[in-house]
Amino acid sequence: MKRLIPLALLAVCVPAFAAAQPIVVASKNFNESYILGEVVAQLLEREGFAVDRKLGLGGTKICYDALAVGDVDVYVEYTGTIAEAIKDLDGESTLARLADAVAPDGIEMLPPLGFNNTYAIALAPAVAASRNLRTISDLVPHGDLRVAVSHEFLERNDGWPGLTAIYGFDWTPTGIEHALAYQAIADGAIDGTDAYSTDGELSRDGLVVLADDRGFFPAYLAVPLVRAALDPRAKAVIALIGGTLTDAEMRDMNAAALGGADTATVAADYVARKGLGGGAGPRRVDADGFWSRLAGNTARHLQLVAYALVPATLVAVLLGVAIFKVAWLARGAVYLAGLLQTIPSIALLALLIPLTGIGVLPAVVALFLYALLPILRNTVTALTGIDPTLRRVALAMGLKPAQELRYVFVPLAMPSIVAGVRTAAVISIGTATLAAFIGAGGLGDPIVKGLSLNDTTLILEGAVPAALLAILTELTFEAIERLLTPGHLRAAASTS
Amino acid sequence: MNAVEFQGVGKRFDEWVFRDVDLALPNERTTALVGPSGCGKTTLLQLVNAVQRPDQGVVEVFGEPVPETGLVPFRRRFGYAVQGAGLFPHMTIADNVGLVARLEGWSPDAIRARRRELLDIVGLSEALDGRYPHQLSGGQQQRVGLCRALMLKPRMLLLDEPFAGVDPITRADLYPEFEQLRDHEEVTTLLVTHDVAEAQRLADHLVVMGGGGVVQAGPIDEVIAAPRNAFVRDLLASAL
Ligand SMILES: Nc1ncnc2c1ncn2[C@@H]1O[C@H](COP(=O)(O)OP(=O)(O)OP(=O)(O)O)[C@@H](O)[C@H]1O
Ligand SMILES: [Mg+2]
């Protein structure tokens, strides 16, 4: 049940050289995770392993499930996330307990990398210096400071409420969108905010991180999770990173990426500097030029859309033709297809992973399901809307059911069917950008990367071609519609 | 032999439309079927070519009961034309008229010859062959509808108010053309109409329906001269 991949699909998504069974390295879709993914990948490559990167997957559940089903061999997770989000453990979560918790999923936890990416309180350097603040305890009597924290931090038990219980704050900060907080500090609008202790902005802006002197914040140690069945030599290589990365180092790397450096380059510098791995020199990273990357992403994008759209058209049209005469069946099918449409795409993708793994297949399946509704609805509506007199005449003339369809029903419904396919195609091109969340690539890849890096150019590298593709699709379908327009409508247009 | 015989025929949807109908339509004659709206004229017509099935009794056509199976070839033995012509809007005039002949495997030459034979009678020139129905007048469309019905040389023509909805002047042109077609083809005709004048003009026999059955049937002059009851008399009078 692990893989439902038809052979044809398999042939396309597995590169020709895949016989060597590359190690699949994944990451989530934010800066730090990309960098750590690259560190792991490059280290493995320096040791002579072939690596397949599936970086920028759309979240914890997607990464973990993909690892559990064996579509991914390794990614870096955080101990707090394992305890809270993945396994929902109560009580103290020691490393040993966490390792036991993931073991039943065929997953092994390697030693922590060193840094702890947990919550922190950060202050503007001038404020911290003038009031001589170094620890969270120091902050308690300074209720006059303009501290603003994220709304989530204000609510969470491991956020402000817990902090107050332990440290005894008698004042409450205001709420702010986390994305705006660093800018607000830089502008002098606020004095402090909550942060993640390895945020690149902390070192970029020289903010002062207050020490958690009472040890309140839970540990979010970075730990590589690997498939237990992975080659032990590969595990040993990944374990080399253990204990080598401090908070400050991680923060600096994040800051470098934030400043526009390529995550692969940042990772390569780190691996080289630490002298990790025995191979020769840093790998030439991101060798693809802009145009070949664009072409690759676009081709993959079109591939995803085509693989979904062609079967969806066949299924929806055949289904519509088969059931339109039975009113309750037709209504039910359209209703069901509409229900599928209401499942948020990222949720649908996550639901599919246990069945299909990650990559092209779940993306195609999701796009397929979304494409059904517009095509099915247009087909059914057009067929049921055919003038009953024409249906009576067709019957009385002695047309067989198949002849009725071929000579009367389908040609009359064709414009509406093509319009449905057109809608489905445009929707698919938009939705396919989300496929990057599950490692299917396409034009969503630069968008997801760009979002995590706050890099507008990178976002545009995906968004602009996707928009152009949508327009091109509209134009193509206009041409197709003109070709398929029944003669009488064409004649009507030209005489009117 | 009669063209069509109804023996104790009834038809029901939610309730009985009519029951216990005994009726004979003479061969090579035109029979008009009149009656108030909703009395079951269309239903009765469709029992003849098995588009509807009776819930009671037997319908015989040219001496044989309407078959249970093989309905497609059976239906192709009848010509069928309706109010508004019912031409397929996406097909040219030539394709509309020739469709069933093509499905029957006729050669293109045979189809063309037969099509021209019929369309010439009703005065539709070859120039119109490539047009679409909406490019024709209502009267022209109805002429095409009649020719389409006759394409396969049926022995019997079933017409469901084909001249309704055509303006009176055009209708006056259509009557003689229809008569020419009918006489040229020597085809038995059942004509549903709500216009007694039209019935008198085109038909030899008259069937009056109403009240869940056939009220009176016979040679048209006899029925008009001697209505069986007030219902028939009023119906004929109101329509004249
Ligand atoms: N397919 C059907 N399902 C249910 N009821 C039907 C169906 N077809 C006809 N009827 C009913 O049967 C009755 C006779 O209908 P029919 O069409 O034969 O009448 P008609 O005499 O042709 O009327 P008109 O002069 O208005 O054409 C009507 O009451 C009609 O509602
Ligand atoms: Mg009727």
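This is a predicted model: local features need pLDDT of at least 70, side-chain atom pairs count only at pLDDT 80 or more; totals for chains, interfaces and linings use all residues.
Local features need pLDDT of at least 70 and side-chain atom pairs count only at pLDDT 80 or more, while totals for chains, interfaces and linings use all residues. Residues are numbered from 1 along each chain as its sequence is written, chains are lettered from A and ligands numbered from 1 in the order in which they are written, and side-chain values use heavy atoms, with hydrogens and water left out.

**Exercise 1. Describe how chain B meets chain A.**

Step 1: Start with the residues. In chain B, 24 residues are in contact with 22 residues of chain A (contact means heavy atoms within 4.5 Å).

Step 2: Look at the area. About 2100 Å² is buried between the two chains, and carbon and sulfur atoms give 72% of it. Buried area is the accessible area (1.4 Å probe) that two parts lose on being put together, summed over both.

Step 3: Find the elements on the chain B side. Helix 1 (41–48), helix 2 (71–75), strand 6 (78–82) and helix 3 (93–103) of chain B each supply at least two residues. Helices (H or I, at least four residues) and strands (E, at least two) are DSSP runs, numbered from the N terminus. Helix 3 of chain B provides the largest share, 4 residues.

Step 4: Sort by class. This side of chain B has 12 nonpolar, 7 polar and 5 charged residues. Ala, Val, Leu, Ile, Met, Phe, Trp, Tyr, Cys and Pro count as nonpolar, Asp, Glu, Lys and Arg as charged, and the others, Gly among them, as polar.

**Exercise 2. Describe the 2 cavities of 30 Å³ or more.**

Step 1: Learn the term. On a 1 Å grid over the protein atoms alone, a cavity is a set of points where a 1.4 Å probe fits but cannot get out, and lining residues have an atom within 4 Å of a point. Points are joined across faces, edges and corners, and a volume is the space filled by probe spheres set on them.

Step 2: Take the largest cavity, about 120 Å³ in volume. Its lining includes A:M397, B:F78 and B:R148. Strand 6 of chain B gives the largest share, 3 residues. The classes are 8 nonpolar, 1 polar and 3 charged.

Step 3: Turn to the second largest cavity, with about 60 Å³. Among its lining residues are A:S345, A:L367 and A:Y370. Helix 18 of chain A gives the most, 4 residues. Here we find 8 nonpolar, 2 polar and no charged residues.

**Exercise 3. Describe the second largest pocket.**

Step 1: A pocket is an open set with protein on both sides within 12 Å along at least five of seven lines. This one has a volume of about 1400 Å³.

Step 2: Of its 43 lining residues, A:F30, A:N31, A:H178, A:Y196 and A:D199 are the closest to its centre.

Step 3: By class, the lining divides into 14 nonpolar, 17 polar and 12 charged residues.
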